[in-house]
Each structure stands twice: as C-alpha cells, then as structure tokens.
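Hello,

Here is the structure I promised to pass on. Please open it first; my notes follow below.

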Amino acid sequence: MPAVESNMFPLGEKAPSFELVNVINGQTVRLEDVKSDIATVIMFICNHCPFVKHIQEELVRLAHDYQPKGVSFIAINSNDVEKYPDDSPEKMKKMAEQLGYPFPYLFDETQEVAKAYQAACTPDFYIFDGELQCVYRGQLDDSRPGNGIPVTGSSIRSALDALLLDKPVPKEQKPSIGCSIKWKEK
C-alpha cells in the first residue's frame, strides 16, 4: 500500500468545528467543549494502519506528558468501516481500552470532519492554539515503520513546547506520511 502525505492545512486557519461520538463512552464531543486555552492536538488515526500502529504507544505517552500542562488531545477515525471493519466503532473502543487512550477517540462516520480538516492520511496531526488557530500540521516525528528511527514524538513535542513557552512554533514543518484515509465510494 503506497504511503500518502498530509495536505498541510493552512497555518493560521481556524479549526473547523465538529460534534462527534466518543466511542469509548458513547458521549457526544464538541470541539468547543474539549479545546484547550493553550493548545489542542487533533489526530486523525485508525486501528488498522501500520503507520498508526507504529506510534500508538507514543500517542499515549504524549498525552500523559502534556495533558497535565493544559494541552487537549482528540483522536478521530474517519475511515470507511464497511471496507475496513477493523476501524469500526466497536473495534475502536476495544483498541482505545487496550492502549489506555487518555483522550476521546471519535468516529467521523460521514467523513465530513476529515474533509473539513483536509486530512489525507493516518496518522495526520494538527495543533491549534488557544484561539483555535492552526500553528502546526504534519508529522509526529521522523520515525516510520521499518526505518529504524525511534518514535519520540519530537516534531509535536517541539511545537507544544514552543506554545507552552509562549514562543513561535517553528514554521518548518514536515508532512505526516501514512495510509490514505479510506474514503467511502459515492
């Protein structure tokens, strides 16, 4: 399966609002209710993608490291579950519980949220400041399955550290690389 790069959502653009169901507890989550006044990380992930599997433990570490500092994390799965049943809400819940996701794992059944964010791949990462303006979009770090580079979350960590120190987020940002979002056929 060929790898796909992020579309690189425009810096400075406002986060599109959404209201989706958290598969972990069945509650509806609105961006405005879970956003942080410091930073909000939105991640498009899924269960079956080897690129996501490669970084799942780091996503949990990242959230544990930065949630106490006031950073919000939200994971969204937008894949077509008819063709990719491993990404179904039931299996999303099971995966989130197995890995101990400390953030909501939302199901974007209509795929409208992925389209609004111009998401292209899993994983795809976005960081928004306290005003929900995009300050980062792209990769977690330079690690990819099989390339031997350790998974550290360094790209996301440096962006979050800059925000926490009230400094500009570095403008040089690399796109994420992963499996394409599995779009429904029209």
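Charges first: the protein chain carries 20 positive and 27 negative side chains. Lys and Arg count as positive, Asp and Glu as negative, while His and the chain ends are not counted. The centres of the two sets lie 2 Å apart, with each charge placed at NZ of Lys, CZ of Arg, CG of Asp or CD of Glu.

A word on the source: this is a predicted model, where local features need pLDDT of at least 70, side-chain atom pairs count only at pLDDT 80 or more, and totals for chains, interfaces and linings use all residues. Residues are numbered from 1 along each chain as its sequence is written, and side-chain values use heavy atoms, leaving out hydrogens and water.

Now the overall fold. The protein chain has five helices and ten strands. These are DSSP runs, numbered from the N terminus (helices: H or I, at least four residues; strands: E, at least two). Along the principal axes, the C-alpha atoms fill a box of roughly 45 × 40 × 30 Å. Of the 186 residues, 52% are buried (under 20% relative accessible area, with a 1.4 Å probe and protein chains only). Take contacts (heavy atoms within 4.5 Å) between residues at least 6 apart in sequence: 78% join residues at least 24 apart.

Asn22 sits in strand S2, residues 19-22. Is Asn22 buried or exposed? Asn22 is buried, because its relative accessible area is 6%. Beyond its neighbours within four places in sequence, Asn22 touches Gln27, Val29, Pro104, Tyr105 and Leu106.

Best wishes

How values were computed. Buried < 20%, exposed > 50% of the residue type's maximum accessible area, 1.4 Å probe, protein only.
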